[in-house]
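Hello,

Here is the structure for your files. My notes on its aromatic rings follow below.

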Amino acid sequence: MIRNLLVILTLVFFSSSFVTAQMPGMMGARNGGNGQNMNIGHFYGKAVDSKTGKGIEGVTVQLKGNKFDTVTKKMKEAILGTTITPANGDFGFDGLPVFGNFKLIMSSLGYKNLEKTITFGIKMPTDRSAGNMQQLLGMADKDLGNIKMEEDATNLGNVTVTSSSKPQFEMGIDRKIFNVDKNLMGSGQTATELMRNIPALNVDIDGNVTLRNAAPTLFIDGRPTTITLDQIPSDIIDRVELITNPSAKFDASGGNAGILNIVLKKNKKTGYNGGLRTGIDARGRVNLGGDINLRQNKINFTGSGSYNQRKSISEGITDRNNLLTTPSSIYNLQNSTNKGYFAFFRGGIDYFVDNRNTISVTANYNKGQFENEQTQKVDSTIKGSLSSYNNINTNSISNFENVGTQLSFKHNFQKNGHNISADYNYNNSKNNNESNIANRNYFLDGTAKGSPLLQRGLGNGNTINHTFQIDYENPFSDDTKFEAGARGAIRDFSNILDQYRMNNSTNVYELVPMISSRYKYTDQVYAAYTTYSFKVKKWSYQLGLRAESSNYNGTLLNSKGQDSANFKVTYPLSLFPSAFITYKINDKQDYQINYSRRVNRPNFFQLMPFPDYSDPQNINIGNAGLKPEFTNSFEMSWNNAYKKGSNFLATAFFKYSTNLITRYVYRDANALIPGDSAFFSTYINANEAFTYGLELTNKMPVTKWWEMTTSLNLFNSKINANVPGQENLSQEQLSWFAKLNNTFKVAKGISIQLSADYMAKTVLPPSTGGGGRGGGGGMMFGGGPQSGAQGYNLPRYGVDLAIRKDFTWKNGRTGVLTLSMNDIFRTQLFESYSQSNFFNQTSQRRRDPQILRLNFSYRFGKFDATLFKRKNTKADQNGGMDMMQQ
C-alpha cells in the first residue's frame, strides 16, 4: 500500500514539472538528495538458454541510464546497477526513475553478449484522474520476461579465446597497449622473441631490448622485478604496455627510456578453465606448459607452469686494430653453443572478502641452468705481419633461481571508483656460475708458444628487492579524479667473482686477487606522488607531481668476505612534475600531448672509484664525481580509428638530457703487468644530449582475409661531451627502422602470419644503463661493439613466417597448432663499427637463423558456478562490482 502511494505521488510530482519530465533523475539535485526516495521503478527478468529455456547462472547483468552531473549541469550516461544471476537466472533492479530509456547489457562465459534498450513506457496522461494514475501504477513494476541468450562456441573457457575482440593496440592516457595473445611467432618461446614484433622496440642479437635507443625499465604486472625477459615464457603474457613517458605515479628514476610493463594472463571467470601446450623445435628442444583457473563465490585461484629447453648456436667475427706506438691487430673468429632449460611456475589466490574488499596473494618461482661451449681462433698481427695465433676454449655452466611474491589488499568505498590499495612485493634472485678457459698460443708452424694459460672463474650473486606501495583514488565526480600514493623500494645486491690461474709447476689453480672481485651494496628509493585529473568538454587533463630521493651504500669485500672499503652516496629530495592533455576530436579520434621530468642517478658500479681487473684487456673503473642525469621528455600523439578494424597512431617525441651518463675509454698503466699499459673504461657526464623522433603505426584490413600492421620509427640522437684531455666530442646519427606484420586468413581456421623488420644504420647507445660491471668486450679479445667508443650499428633486416590452424570441437574446447620459422632468408646479421683514439673495431654476429618450431595448445573450460558450492546465499547472487569487472 505504501509503495502504491509513493508511485502515485511520484507521477503527480513528475507531471507538475516540465523540467523534471524532460530530465529524469534530476530530482536528487532539486531536492537536496531526498529525490532518491522518489525513484521507485523496478525492472526484473530472467536470463535463459535460447535452446533449453533453462535459467543461466552467473550472467553479468548491467543497467545503464541517464544521470544528472552536478558539475556540468548536464545529463550523462552512467551505470545504475550491476548484478550476477543466481542458479535460476533471475535478476532485478530497484529504485529506478520511471521516465526515460535504459540500456540492459548481459554477458556470460559461453554465451553471446546481449544488449537491448528498455523503458517503463510511462507517459503522462492528459487526464490525471485517480483511475488513470492507478493504471500507471503497474507500469513502474515491469517484468522483462525470459531473455534468451545464445551459445557462443568461440567464447568458451579462457581469456585467450575471448580476447579476439581486443584491438591489436590501444592508447591509454599514459601508455600504449599491445595485445599479443594472437601473435604466432612468440608461441613456445620467451618474452624476448615476443618483443621483436612490438612496434617501437628493438631487440639485438643478445636479447637486449631498447626503446628509442635506450634500455627501458622492466615491470611485471605494474611492479619492478628481478626476472629478465628471457626467463618469462611468452605463452603466459596477455599484453605489453609501453609507458614511454611515465607520469608522476611511476618511478622517476631508471633512465629516460620509459617502462616496459609485461602483463601476465589472469582469468577470473566463474567456473573452471585452463589449457595445456607443448612444442618442439628443429634442434629437438621441447617446451611444455599448462594453466588452470578456478573461480567460485569468494575465491579465485590461478596457476600456471612452463618448462622450456633451449639450444642456441652463434658465430661471430671481430677485427680490431690497435692504434698504438707499435700498431697491431687482432682477428677473432668465434663459435658458441649454449644449451639448457628454464622452468617457470606461478600461482595466485584472490579472496573477495565482500563486495568492497579483496585480498590477493601471488607467487612465482623460476629456475634454469645453461651450459656454454665457445671456441675462438685469434690471429695476432704486429706491424702488418702475422706473428702468432691463439686457440681459446671456454666451457661454462650457470644456474639461476628466482622467488617472488606479492601480497595486496584493495578496498572499494561506496562511491564507484573510490578505492585504496596497498601491496608488498618481494623478489629474490640467485645465480652461480663456473667457467674454465684454456688459452693456447702457437707459432705459425703450429708449434706451441709457451705454456697454455688455464683460468677458472667461480662466481655467485644475489639480488633481493622489497617494494612497499600504497595508492589512493577518489573520483570527485564523473569528470574529476584525485590520486595519491607513496612507495618505498629497497634492493640488496651482492656479487662474488673469484678468478683462478693454473700454476704450471704445481698443476694447482691459485686465486688471483687482482682480477677477482667481491662487493655488495644497498640501494634505497623513497617517493610520494599526487595526480589530479579532470575533464572540460572534449578536453581531459592529468597533472601530477612526484617527490623522490635515494641513496647507495656500497662495500668492497676481501677474500674472506670482510669489509675492505666502503662507499656511500646520498641524493637529496627532487621534484618531478608531469602533465597529460588529451583532446577527444570525436568518437574515433583523439589527440594528446604530455610532459614529464625523469632522473637517472649513477649506480654503485658507475660511482665506485676502484678498478676492476676481471677483464685484463678492458679494465673498468667508476667515477665518484658523476652527477645525476636529468631528462625532460615531451610527446604528441594522434590516434585515429578511421574505419572499422583500422587504427592509426602517430607519436612525435623530444627529449633533452643534461649531464648524460656515458662511457669513454682511455689508456693508462696496467698494474697487472709492470711496464705495460691497458684500456680503462669509465663514466663521464656529457654536456647534453638531444633525442627526437616520430613513430607511426597503422593497422588495417586490406581485404576480408588480409590484415596488415605497419610501423615506422624515425629518430635522431645527438650527444655533446667534454672528455678530459681530449677535444670536445659530438656524435649524431639520424636513423630509422620499420616493421611489417601481415595476417592472412587463407581458409576456415587457417591463418598465416608474415613478419618483417628493417633496421637502418644507428648510433651506438650512449650508455648501458649500468646493469653491472664491464663493457661490451667479452673476455680478453672482445666480441661486440666496444663500450665507451663512438660508433654505429650497420643496417640489418629479417623475415619470419608462421602458420596457424584453429580447432573447435563440439564440446566447445579449442586447440591451436602453430608452425613457425624465424629469419627464413638467413639475413639477420648484426654488424657494428666502433672507434676511439686508441683503436677501431668491426664485429659481426649471427645467432639461430632458420629455426623451425611446432607448437600445439589446447584450451578447456566449463562454466560451472556450483563447482565448489555448498549453499546459495544472497551474497553469492550479488557478486559486487569488483568481481565482475575483471
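Is Phe534 buried or partly exposed? Phe534 is partly exposed, at a relative accessible area of 22%. (Buried means under 20% relative accessible area, exposed over 50%, and partly exposed in between, with a 1.4 Å probe and protein chains only.)

First, the ground rules. This is a predicted model: local features need pLDDT of at least 70, side-chain atom pairs count only at pLDDT 80 or more, and totals for chains, interfaces and linings use all residues. Residues are numbered from 1 along each chain as its sequence is written, and side-chain values use heavy atoms, with hydrogens and water left out.

Aromatic pairs

The search of the whole structure gave 31 aromatic pairs. Phe534 and Tyr541 are stacked, because their ring centres lie 4.8 Å apart and their planes meet at 15°. (Rings of Phe, Tyr and Trp, the last by its six-membered ring, pair if their centres lie within 6.5 Å; planes under 30 degrees apart are stacked, over 60 edge-to-face, the rest tilted.) Tyr541 is partly exposed, at 22% relative accessibility.

Phe807 and Trp809 also form a stacked pair, with 6.0 Å centre to centre and 15° between the planes. Phe807 is partly exposed at 30%. Trp809 is partly exposed at 39%.

One aromatic cluster takes in Tyr532, Phe534, Trp539, Tyr541 and Tyr583.

Charges over rings

Arg320 has its charged end over the ring of Phe839, 4.4 Å from the centre. (The test: NZ of Lys or CZ of Arg within 6 Å of the ring centre and within 35 degrees of the ring normal.) Lys761 lies over the face of Tyr792, 4.0 Å from the ring centre.

Best wishes
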